[in-house]
Amino acid sequence: MLQGALAGLAAGGLYAALAVCLTLMSRLVRVVNFSQAATGMFGAFVAVWLVTAAGLPIWLGSVLGILLAGALSAAIGWIAATWLSEASTTARSAMTVGPLLLLISLSFILFGNKPQPFSPILGGPAFEFGGVVVSQVTVVMVLLAVVVAVAVQLILTKTAVGTQLRALSERPTTAELLGIPSKPLSIAVWAATGVISAIAIVIVAPSQSNDATSLAMLIVPASAAALLGGFTRPGLAVVGGLALGVLSGLVAQIEEVALIRNFLPFLFIVVLLLWTQRKEVWDSAR
Amino acid sequence: MSSLVVDNVTVSRGAGPVIANVSLTVTPGEVTALVGPNGAGKTSLLDGISGVVGVSGGRIVLDGDPIEKLSRVARVKRGLLHIEQGRAVFPSLTVRENLSLTARTGADMDAAIGRFPELEKRINSPAALLSGGEQQMVVLARAFAAKPRFLLIDEMSLGLAPVVFMRLLPYVEELAQSGAGVLLVEQFTHLALGIAREALVVAGGKVGYHGPASALRDDSELLHRAYLGGSAA
């Protein structure tokens, strides 16, 4: 049991990091970014190509891939900020389905539809706990998710830029009328979340299913995790991600219910939606 | 001389023009009142000047430079500040955080708070927990800290008791005395005319009166005629 739970922690850290990104995007730039994992996936694939085909050192290829993911995300953010700045959250979110499909298709065209030959950046055990070996990837992923969530909270509450971002998220027009530059700030949020997603995917991809669709569809468990925090609280998003990862690991260990593992994020979403809507009256809720 | 000139401006929303062919000049150190019945287009005109909506005709000139094509943020950088209708505070931000959005230095912050002693004891409270009058104090304190050259104020009294609004009005005069040109849209017509030098009355999207505020103060017949859309200029 413990082995299964700890084995799921690395994936949980990945879900958590992506969920923090989704939470940031939803809270600060009014978008549920369906292409969040896809931009990270594409950056990671380019990193693999740079290392295997172009012969770059692994660290340099990874850095360039991560930067490309940030730039891609910033480009999508530029589109949203330029043409959809006054659009509803639904319209802005729907727009991100375009880049999601585009990036999956582009990665099929450029890199094929097989899993990529990732070279692990991190490998080997970190320590042993209760007779179970905990890998370096697990430790780094959990730490990354926690550090990102804490850093986000500190930036939002303790810095001038954070105050401006919160102001923008509450009353975008009023913020602009006070001279807060909404477009550069929102593009910076897109770029930062693109970079974080790519870092998380580059670290974990070597140790899990890493074809384009599997990685891009990490958006589903990440959304489930972000939903625990209502897409507003990064701390709860981390808890959601780690819990989902641990649950997946546990379920995978039990043969009778192992199949449920694939549906776990959906179950998580349905249960959370039912729970959050429990006090709604049918007429007013629908 | 520094001035904000609105030259033959038309603002449209959806089907057609909401307010058309308005010309006025806002002069530093003075309050210009813009009054008229509901739906006359006053808010749309302010929105057009600050860039919330684009103008469909005419020019807006600040210190000799046309600004109607500039972004909202670029207009703010040139010294134009727009206080929107209602209570334009950021509810989850504390009073201090609200003020920090325009107060560039600690001294600016201290000066802004110093004018509103009521805010000092609520400085770390989220703005959402303040009363309506206190929220408008936050908005005014933020305006003081921004040190605007031209200030557009839209129905600051909305949702406030007249007695509360009358406490706030001297601050608007103070902002003008500090050198800002103020364009004041207000439902309490006589209070607005009381502190204004120039006044415009708009009705049905057109200017019905443009002249000294004192003439409207002293002649209620003239004010009523302009409100009903007749030409009183």
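What radius of gyration would a compact globule with 233 residues have, and what does chain B have? A compact globule of that length would have a radius of gyration near 17 Å, and chain B has 17 Å, which agrees. The structure is a predicted model. In it, 17 residues of chain B are in contact with 15 residues of chain A. Chain A contains 14 helices and 2 strands, whereas chain B contains 10 helices and 10 strands.

**Overall form of the chains**

- For the 286 residues of chain A, a compact globule would have a radius of gyration near 19 Å; chain A has 19 Å, which agrees.
- The C-alpha trace of chain A spans about 60 × 55 × 35 Å along its principal axes, and that of chain B spans about 50 × 40 × 35 Å.
- Buried residues account for 49% of the 286 residues in chain A and for 47% of the 233 residues of chain B.
- In chain A, 75% of the contacts between residues at least 6 apart in sequence join residues at least 24 apart.
- In chain B, residues 24 or more positions apart account for 67% of the contacts with a separation of 6 or more.

**Helix α11 of chain A**

- The buried residues are A:Ile219, A:Pro221, A:Ala222, A:Ser223, A:Ala224, A:Ala225, A:Ala226, A:Leu227 and A:Leu228.
- These buried residues pack against five elements of chain A: α1 (2-29), α2 (36-52), α10 (212-216), α12 (234-253) and α13 (264-276).
- A:Gly230 follows α11(A) and has a positive phi, near 60 degrees.

**The side of chain B that touches chain A**

- The contact between the chains involves 17 residues of chain B and 15 residues of chain A.
- On the chain B side, α2 (72-77) and α3 (95-100) each supply at least two residues.
- The largest share of that side, 4 residues, comes from α2(B).
- By class, the chain B residues that touch chain A comprise 8 nonpolar, 5 polar and 4 charged.

**The four-stranded sheet of chain B**

- An open sheet of 4 strands in chain B has the order β2-β1-β4-β5, with antiparallel pairing.
- Its edge strands are β2 (16-26) and β5 (65-66) of chain B, each of which pairs on one side only.
- Strand β4(B), residues 57-62, runs antiparallel to β5(B) and is joined to it by 2 bridges.
- B:Val61 stands opposite B:Pro66 in β5(B).
- Helix α1(B), residues 42-50, lies across β1 (4-13), β2 and β4 of chain B and runs at about 115 degrees to β1(B).

**The six-stranded sheet of chain B**

- A further open sheet of chain B has 6 strands in the order β6-β7-β8-β3-β9-β10, and its pairing is mixed.
- At the edges stand β6 (80-83) and β10 (206-212) of chain B, each with a single partner strand, so one side of each is left without a neighbour in the sheet.
- From one strand to the next, the twist averages 15 degrees.
- Strand β7(B), residues 150-154, pairs with β6(B) in the parallel sense over 4 bridges; B:His82 has B:Leu152 in β7(B) as its bridge partner.
- Helix α1(B) packs on this sheet, touching β3 (31-35), β6, β7, β8 (181-185) and β9 (198-203) of chain B, and its direction makes about 150 degrees with that of β7(B).
- Helix α7(B) also packs on the sheet, touching β3, β7 and β8 of chain B, with its direction at about 150 degrees to that of β8(B).

**The helix pair α6 and α7 of chain B**

- The axes of α6(B), residues 132-146, and α7(B), residues 162-177, come within 10 Å and cross at roughly 5 degrees.
- Angles under 35 degrees count as roughly parallel, and α6(B) and α7(B) are therefore roughly parallel to each other.
- From α6(B), the contact is made by B:Gly132, B:Gly133, B:Gln136, B:Leu140, B:Ala143 and B:Phe144; from α7(B), by B:Val164, B:Leu168, B:Tyr171 and B:Leu175.
- This contact of α6(B) with α7(B) has 7 nonpolar, 3 polar and no charged residues.

Key:
Residues numbered from 1 in each chain as written. Chains lettered and ligands numbered in written order. Predicted model: local features only at pLDDT ≥ 70, side-chain atom pairs only at ≥ 80, totals over all residues. Buried ≥ 20, exposed ≤ 12 C-beta atoms within 10 Å, placed from the backbone. Contact = placed C-beta atoms within 7 Å. Nonpolar A, V, L, I, M, F, W, Y, C, P; charged D, E, K, R; others polar. Pairing = 2+ DSSP bridges. Axes fitted to C-alpha atoms, helices over the stretch in contact; angles between N-to-C directions. Rg over C-alpha atoms; globule rule 2.2 N^0.38 Å. Parallel < 35°, antiparallel > 145°, perpendicular 65-115°, else oblique.
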